[in-house]
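User: I am new to this structure and would like to learn how to read its features one at a time. May we go through it together?

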Amino acid sequence: MSTVKIGMISFAHGHAAGIYRLLQNIPGVQVTAIADENSARVREYLEEAPVLRYYADYRELLADDCDAVVICSENIHHAEMTVAAARAGKHVLCEKPLGLNVDEMERMVRACEESGVRLMTAFPCRFLPAVIQAKMALDRGEIGEIVAVKGTNRGTMPGGWFVDPALSGGGALLDHSVHVMDLLHWMLGSDVTEVYAETATLFHDIPVEDTGFLHVKFESGAFASIDTSWSRTRSFPYWGDVTLEIVGTAGMLSVDAFGQKNEVYSDGADKARWSHWGENMNRSMVEAFIGAVREGKEVPVTGRDGLRSAAVAAAAYESVRRGGPVALNEHGRYSVE
């Protein structure tokens with residue numbers, strides 16, 4: 001089995017550390033280098049693995065002999081880093097949202113296609129058993145034609161660069177709409193034709209919205225509403241949730257994506273906690289990416305998938321600006337007023 005060499009670009013996102021640990025434990029995978037302008041952020045990994053090469057400038061890592069890179073930077077840098085990686089001949093696993101607007105995401109996808117490298121968007125919820133089984137049930141037509149969906153991706157306010165609009169590009173609406181939108185695009189097999197959104201800052205004193213409600217209409221005729229708020233407070237037993245209530249013409253299907261959990265009540269803790277015992281969605285996602293790179297296959301969650309979901313988020317912000325619904329064309333673009 002050939003060894004797949006991976007370079008990690010930026011540990012700005014909290015998911016980077018987990019992905020790094022997962023990569024270390026996959027047979028036939030070697031993390032060869034880390035790039036991060038903030039050396040303190042990655043010092044512990046460099047100290048425990050002296051063979052790792054370190055670069056302050058990610059462009060120097062791209063001259064390394066790695067086969068692929070994982071990008072976990074601030075959102076604002078995803079496009080620039082992905083395009084550079086593609087031109088260097090590296091496959092890319094990019095943290096979500098893929099980009100901040102359709103133009104830059106089209107550049108990312110096109111650069112990867114032209115260079116013959118894979119671009120995968122980090123949507124781990126696709127790999128959860130409840131989600132996979134729901135998709136299979138829908139494909140079998142068990143609840144008939146899908147009419148409506150109520151979804152949630154409520155979470156804890158992450159702080160840091162996530163609440164700096166110059167680095168994140170948005171708040172809770174962007175951060176938490178894309179996961180559910182990816183699932184809906186995948187499950188319904190239909191594009192969004194209209195978006196209406198409202199946002200507010202209700203729970204925290206921050207410069208971006210911590211509350212977002214998104215309403216979408218699909219080409220199929222179905223519609224969905226999604227709660228994307230950072231409304232999980234300190235007392236909540238887990239960081240957040242991903243749920244779907246899917247209404248069909250012949251039934252209804254409920255999905256609790258993180259439902260594989262125990263509830264733990266301990267006098268030594270300051271609150272009740274959920275202890276997750278089920279499938280590790282990030283491990284499944286990373287293994288799928290590695291498998292695609294090794295075997296030369298298409299990734300299961302493509303750059304186009306990431307583009308479609310983030311395009312809806314971009315249209316949602318335009319809807320907030322206009323104070324009304326925004327129509328999308330087949331390319332995920334809205335008309336400029």
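User: Where in the chain does Asp191 lie?

Analyst: In this predicted model, Asp191 belongs to the loop that connects helix H8 (172–188) with strand S8 (192–200).

User: How is the exposure of Asp191 to be read, and why does Asp191 count as partly exposed?

Analyst: Relative accessibility is compared with two cut-offs: under 20% is buried, over 50% is exposed, and values in between are partly exposed. Asp191 has a relative accessibility of 29%, and therefore counts as partly exposed.

User: Which residues does Asp191 touch, not counting residues up to four places away in sequence?

Analyst: With those residues set aside, the contacts of Asp191 are His185, Lys217, Phe218, Glu219 and Arg308. Asp191 and Arg308 are separated by 117 residues in sequence, yet their C-alpha atoms are 8.1 Å apart in space. Their side chains are joined by a polar contact of 2.5 Å.

User: Let us turn to the sheet. What is the order of the strands in the open sheet of seven strands?

Analyst: The order is S12-S11-S7-S10-S9-S8-S15, and the pairing is mixed. S12 and strand S15 (326–327) stand at the edges with a single partner strand each, so one side of each has no neighbour in the sheet.

User: How do S11 and S12 run, and how many bridges join them?

Analyst: S11 and S12 run antiparallel and are joined by six bridges. One of the pairs is Thr243 with its bridge partner Asp256 in S12. The two strands form a hairpin, with two residues between them.

User: Which strand is joined to strand S7 (residues 146–152) by six bridges?

Analyst: That strand is S11 (residues 243–248), which runs antiparallel to S7. Individual pairs can be followed in the model: Gly151 has Leu244 as its bridge partner in S11, and Val149 has Ile246.

User: Which residues make the nonpolar surface patch of about 350 Å²?

Analyst: The patch is made by Val147, Phe223, Val247 and Met252. Of these, Met252 is found in strand S12 (residues 251–256).

User: Why does Met252 count as exposed?

Analyst: The cut-off for exposed is over 50%. Met252 has a relative accessible area of 52%, and is therefore exposed.

Technical notes. Residues numbered from 1 in each chain as written. Predicted model: local features only at pLDDT ≥ 70, side-chain atom pairs only at ≥ 80, totals over all residues. Heavy atoms only, no water. Helix = DSSP H or I, 4+ residues; strand = E, 2+ residues; numbered from the N terminus. Buried < 20%, exposed > 50% of the residue type's maximum accessible area, 1.4 Å probe, protein only. Contact = heavy atoms within 4.5 Å. Polar contact = N/O pair within 3.5 Å; in protein donor to acceptor, adjacent residues only side chain to side chain. Patch = residues over 30% accessible without salt bridge, like charges linked within 9 Å, V, L, I, M, F, W, Y side chains within 5 Å. Areas by Shrake-Rupley, 256 points an atom, 1.4 Å probe, with all protein chains shown as cover. Salt bridge = Lys/Arg side-chain N within 4 Å of Asp/Glu carboxyl O. Pairing = 2+ DSSP bridges.
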